[in-house]
Amino acid sequence: MRDLGELLASGGARLGLKIGGVALAVVVLGLAAWLWLRAEDGARRGGPGRLRGPRAAGRRPAGDPDARARAIDALQTVLSQHARSSAAVQAAYELGNIQYQAGDYGAARGAYQIALAKGAAGSLRTLAASGVGYTWEAQKDYANAVTAYEAVARAVPAKQFYFEDALLDLARAQALAGKPVEALATYERVLKDVPDTRRAPDIRAKIAELQGRGSSRRRSPGASP
């Protein structure tokens, strides 16, 4: 999250103030939610990975229920009263993050899908689409999680910052879905396409684990080791 001054000085904030119907009330509501999210994000900055999205939020407790409820109300008000404004896309995405953190995965998925339907673009689109996958994964629906992550991996260019995360999400879901061959191929693709990844030791460990499982399956029950 950016500092409050940066948020207000951003082009998106200036545009929001100029759009007819998106007046001071919307800004106040948005800032109420933003301040809560900023506090939550500050507590998880030391976590692994570059993602500051739903999965990172899900690693922490749900936080203050009253503050969360106020943030949800604020974001839902922006969505209902200013559905055609540019603020609605960001509001839907942030709403999904809060609902994911609260464990309301169905509602979170709906919010991410709203952000996508309203035209989320660039990194925000990638994060919202990944959020859909995270909700399926949290509900242990690994087949749908694989489908969602496959779509993200296809859409993210190889040089974009989120490319590595997209592949790792896909590989993890493939393994959980009982597709070790596909997971192995995806992990190997990460090492090939992102040769300087700092997560190489962990990825190689996953590869070795999957290869070990494959060897065990191929060994006949009565064969000697």
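**Notes on the predicted model**

1. Tyr162 counts as buried, at 0% relative accessibility. Buried is used here for under 20% relative accessible area, exposed for over 50%, and partly exposed for values in between (1.4 Å probe, protein chains only). The model is a predicted one, in which local features need pLDDT of at least 70 and side-chain atom pairs count only at pLDDT 80 or more, while totals for chains, interfaces and linings use all residues. Residues are numbered from 1 along each chain as its sequence is written, and side-chain values use heavy atoms, with hydrogens and water left out.

2. What secondary structure does the chain have? The chain has 12 helices and 0 strands; both kinds of element are DSSP runs numbered from the N terminus (helices H or I, at least four residues; strands E, at least two). Of the 225 residues in the chain, 40% are buried. Contacts are heavy atoms within 4.5 Å. Among contacts between residues at least 6 apart in sequence, 53% join residues at least 24 apart.

3. Two packed helices are described by the angle between their axes and the distance between the axes. The axes are lines fitted to C-alpha atoms, for helices over the stretch in contact, and angles run from 0 to 180 degrees between N-to-C directions. Angles under 35 degrees count as roughly parallel, over 145 as roughly antiparallel, 65 to 115 as roughly perpendicular and the rest as oblique. A crossing is left-handed if the near helix is turned anticlockwise from the far one by less than a right angle, and right-handed if clockwise.

4. Helix α5 (residues 65-81) and helix α6 (residues 87-101) have axes that come within 9 Å and cross at roughly 150°. The two helices are therefore roughly antiparallel to each other, and α5 passes α6 in a left-handed crossing. On the α5 side the contact residues are Arg68, Ala71, Ile72, Leu75, Gln76, Val78 and Leu79, and they meet Ala87, Ala88, Ala91, Ala92, Glu94, Leu95, Ile98 and Gln99 in α6. This contact divides into 11 nonpolar, 2 polar and 2 charged residues. In this division Ala, Val, Leu, Ile, Met, Phe, Trp, Tyr, Cys and Pro count as nonpolar, Asp, Glu, Lys and Arg as charged, and the others, Gly among them, as polar.

5. Helix α7 (residues 105-117) packs against helix α8 (residues 122-138) at an angle of about 160°, with the axes 9 Å apart. α7 and α8 are therefore roughly antiparallel, and the crossing of α7 past α8 is left-handed. Tyr105, Ala108, Arg109, Tyr112, Gln113, Ala115 and Leu116 of α7 meet Arg125, Ala128, Ala129, Gly131, Val132, Thr135, Trp136 and Ala138 of α8. The residues of this contact comprise 10 nonpolar, 3 polar and 2 charged.

6. Lys140 lies in the loop between α8 and α9. Lys140 has a positive phi of about 65° although it is not a glycine. With a relative accessible area of 62%, Lys140 is exposed.

7. For helix α9 (residues 142-155) and helix α10 (residues 163-176), the axes come within 9 Å and cross at roughly 155°. α9 and α10 are therefore roughly antiparallel to each other, and their crossing is left-handed. The contact brings Tyr142, Ala145, Val146, Tyr149, Glu150, Val152 and Ala153 of α9 together with Ala166, Leu167, Asp169, Leu170, Arg172, Ala173, Gln174 and Leu176 of α10. Its residues divide into 11 nonpolar, 1 polar and 3 charged.

8. Thr147 is also found in helix α9. Is Thr147 exposed, partly exposed or buried? Its relative accessible area is 46%, so Thr147 is partly exposed. Thr147 and Val132 are 15 residues apart in sequence and 10.0 Å apart in space, C-alpha to C-alpha.

9. The structure holds 4 aromatic pairs. Rings of Phe, Tyr and Trp (its six-membered ring) pair if their centres lie within 6.5 Å; planes under 30 degrees apart count as stacked, over 60 as edge-to-face and the rest as tilted. One of the pairs is Tyr100 with Tyr105, edge-to-face at 5.2 Å centre to centre and 65° between the planes. Tyr100 is buried at 9% relative accessibility, whereas Tyr105 is partly exposed at 24%. Phe161 and Tyr162 have ring centres 6.1 Å apart and planes at 65°, so this pair is edge-to-face. Phe161 is partly exposed, with a relative accessible area of 38%.
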